[in-house]
Amino acid sequence: MSSQDHPVLSFKDKIKSSWPYTLTVAIIGFVSLWIRTGPSDTVFLSDGSVRFTTNDAWYHMRTLRALLENYPHRIFFDPMTNYPNGSYIHFGPLFDQMMAIISLILGMGHPSSHLVDTVGAYFPAVLGALTVIPVYYIGKYLGGHKTGILAAILIAFAPGQFLTRSMIGFTDHHVAESLFSTLFMMFFMLALISAKERKLRFEDVFNKKFSVLKEPFIYSVLAGVMYSAYQLCWPGGSLFLLIVLVYAIFQYILDNFRNESSDYLGFTGVVTCLVSTILILPFVHPDMGFSMYYYSWFHVITSLGTMAGFAALSLIEREFKIRKINAYYYPLLILGAGILGLIITKIASPSLYSLIINAPSTVFGIQQGGPSTILEASSIFYESNQYRVFTLSKVFLHFTPIGFLASVIGIFILAAGLFRKPKPQEVLLLIWSLLILFAIYGQNRFAYYYSINVSILSAYLGGLLLDTVKWKEIDQKFKSSVKSPEDVPKAFKLIKVQQIFVILAILLFLIYPVYGSAMLYSNAIKSTGSNEPNEPWMEACTWLRSNTPDPGMNYNAVYEAPKNGEMFQYPDTSYGVMSWWDYGHYIETIGHRMPNANPFQAGVGGRRVSINETNQPGAATFFTAPSEKEASAVLKAIDPRPDKAGARYIMSDTKMATGMLRSIATWTLDTDGYYQAYWAGSQYQSIPSTRYFSSMVAKLHTFDGNGLKQYRMVHETEAYHQTDEVGYKQVYNYLYGGKIPEVDTGHVKVFEYVKGANITGTASPKEAVKINTTILTNQGRTFEYSQSTTADSQGRYEFTVPYSTEGPIAGQTQFDTAPSGPYVLSYGDTTKEVKVSEEAVLKGEEIKV
């Protein structure tokens, strides 16, 4: 590669020679932004509200509003979720701070709610479009301008997770991770190139050779800044420190075998890590210990440890050269030093040692148990983590077949280059790409990272193919003949027709499939609209906010975390809302109520390691409980305070009551018996079994809570048609003698946990007694609520019923689902009507008949 095609980037770049490329990248960026903001009408609704597209997006907007109300203080501990424990927030502060600053500037210090929503909605799209810039420069310094432009085009149209996570309304930190991690790799790469071309030595530092040190130092500092920015968007950013450390080990070994100095590498690594250590220190929460999920000493130790690694590798290399030790011993010494370091860490800090040892399996390993049901944490190469069926369908969906194949070929070409004299940037790209490839094997969430690698590797391969048609010659003709935009048409005439056809063929082969996939993604989002949360969940959470008692918490306040393991002190009016963790953020951000479980997987309960463990109280154990008594015991165990239950309301939906139950049960590590094989005439089908119909989620949602003593439906949304609900009811009626209507009912149902009124009376000894009433829901649907019992030897009977027949009272649940008339009590030839007040239901009062 000529020096003209691969100049060293400096702050005095020749603008005149680079303006066509700068203009091209700018156009690509604007096209990328246009793609990402296309479905704006599905985010900005006709009533002026903004509908964000994921639960984490809603939660980011919640933390953003709290930040603006208490600026510059941000929520770190949120008692409004994971009731009654609260949750420490692992979201990095930078993403919210950037949106807050933009909102404050545009709003002249007092941004309106709509302005904040608008900034939040557009922010991921802007960050996604900006990612074009570092991808271009990385491509440029690998294979010249042609590779850079091609890489920029490919990432602009990249489909899959990178596109969806950078679309308008997807206000989550993932796209910021992609942008800042790519900027980090770009500046780290530029620092390496600059330092190596200037033949930087550590002696230059002591001799103060600023002409040699200036540019590598600036790039290294910028690399440290960008790594810190990346880490302050996601606490798991230490992944990229691992990448550069593994790269450094390989590069040191290669340099030693070639008898070259690696001082350029040591200088870059030390400066980068020192800067990142300094910048991360103010955000460390010492009480978090060495947690990798929150900003803790772990993030300081990893930066310092990586810096020490660079220094040690340089020192060992220098000693090898001074003592003229055979280079073959160098990797052995590194291995020995690494083992020794782990031994020392284990002795000094067992918790840190355990964290370091387990971190690779956390990122690169396939998840087990409950976490295996998390969609984004499943392997990209298997249909699910539970059923290991290898597939490339998800890979092709995210990267297209050609894109993924091109990336693999690019990796092989770079790996083969290790046997020649590869440039540092090529080795860095190889290690970076391999480790992210391993990461998507463990968790497909890293697909939005690998899209960067696919774009660069595909462009690298495309650049090599373009070189076969003398691209450098074409580039030189353009540079010599184009002095202004008017000269571009003349320059095209200098290119041979055969060269144009080959270039177009290469570009169409690489770009068209990616462009087509991106357009399909964008059009699909535009046509279907934002579907998370769906309309029933929006309506149910809005109803919850308006029709349930105020829990007595200041929604946007910044609360201090409890100290020394103590519980947060909630007011007596507080209560939780039980639902599956997927919906926790909606309950909090839309409903302004406190969910027991949330998408941080807090409050899930169940078992983590072994079936022999005790099932911890939480959402999984509640919804899989085989009886009302055991479910209520779970609620009481969630909140250890006397006379308090962990939840007052329960929200279920059709998915929880059908297919999602498998995932819910997986968190308990006890999935057997919920479904059974049934011969359907030509093949076996998996159908719900007795254990399923005995579960609490079925009792509530499928059976409408019929017969439960302390749970009453207070609201339901409209039904979703053609769901599995009807099929489940058909199975129940056909196989188990049921008589429930085979219709779709409310997609989301809200139940209230109450003490229940105690109806007592006497009949003949051992006589069967029944009580029933017709419940009319807010959707105009009716269903029968009934209980039956047998009088004791003295003729006494007792029912605990959850519904009041007299309607709601002020300050309590304003339910719109209730009995259409009094209870009807019957035994023998006797029939009696019983009215029940709301006070009796809430206080557990006795009603004598």
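Guide: The discussion below treats cavities and then salt bridges in this predicted model.

Visitor: How many cavities of 30 Å³ or more does a search of the whole structure find?

Guide: Rolling a probe the size of a water molecule over the atoms shows where empty space is left. Here the search finds two cavities of 30 Å³ or more.

Visitor: Which elements give two or more residues to the lining of the largest cavity?

Guide: They are α17 (393–399), α20 (447–467) and α23 (497–528). The most comes from α20, with four residues. Among the lining residues are Leu154, His398, Phe399, Ser451, Val454, Leu510 and Val514. By class, the lining has seven nonpolar, five polar and no charged residues.

Visitor: Which residues line the second largest cavity?

Guide: Its lining includes Ser178, Thr182, Phe240, Trp432, Tyr448 and Asn453. Two or more residues come from each of α9 (174–197) and α20. Here too α20 gives the most, with four residues. This lining divides into five nonpolar, four polar and no charged residues.

Visitor: Turning to charged side chains, how many salt bridges does a search of the whole structure find?

Guide: Side chains of opposite charge can pair when their charged atoms come close. The search finds 28 salt bridges in this structure. In one of them, the side chains of Arg65 and Asp117 meet at 2.3 Å, N to O. Arg65 belongs to helix α3 (residues 55–69) and Asp117 to helix α5 (residues 113–130), so the pair ties together parts 52 residues apart in sequence.

Visitor: Is Asp117 buried or exposed?

Guide: Asp117 counts as buried, at 10% relative accessibility, whereas Arg65 is partly exposed, with a relative accessible area of 29%.

Visitor: Where do Lys749 and Asp704 lie?

Guide: These two side chains form a salt bridge at 2.6 Å, N to O. Lys749 is in strand β9 (residues 748–753) and Asp704 in the loop between α31 (696–702) and β8 (711–716), so the pair ties together parts 45 residues apart in sequence. Lys749 is buried at 0% relative accessibility, and Asp704 is buried at 6%.

Visitor: In which helix do Lys729 and Glu725 both lie?

Guide: Both lie in helix α32 (residues 725–736), four residues apart, about one turn of the helix. Lys729 is buried, with a relative accessible area of 2%, and Glu725 is buried at 4%.

Visitor: Which residues are linked in a network of salt bridges?

Guide: Lys196, Asp255, Arg258, Glu260 and Lys421 are linked in such a network.

Terms used. Residues are numbered from 1 along each chain as its sequence is written. This is a predicted model: local features need pLDDT of at least 70, side-chain atom pairs count only at pLDDT 80 or more; totals for chains, interfaces and linings use all residues. Side-chain values use heavy atoms; hydrogens and water are left out. On a 1 Å grid over the protein atoms alone, a cavity is a set of points where a 1.4 Å probe fits but cannot get out, and a pocket is an open set with protein on both sides within 12 Å along at least five of seven lines; lining residues have an atom within 4 Å of a point. Grid points are joined across faces, edges and corners, and a volume is the space filled by probe spheres set on the points. Ala, Val, Leu, Ile, Met, Phe, Trp, Tyr, Cys and Pro count as nonpolar, Asp, Glu, Lys and Arg as charged, and the others, Gly among them, as polar. A salt bridge is a side-chain nitrogen of Lys or Arg within 4 Å of a carboxyl oxygen of Asp or Glu. Buried means under 20% relative accessible area, exposed over 50%, partly exposed in between (1.4 Å probe, protein chains only).
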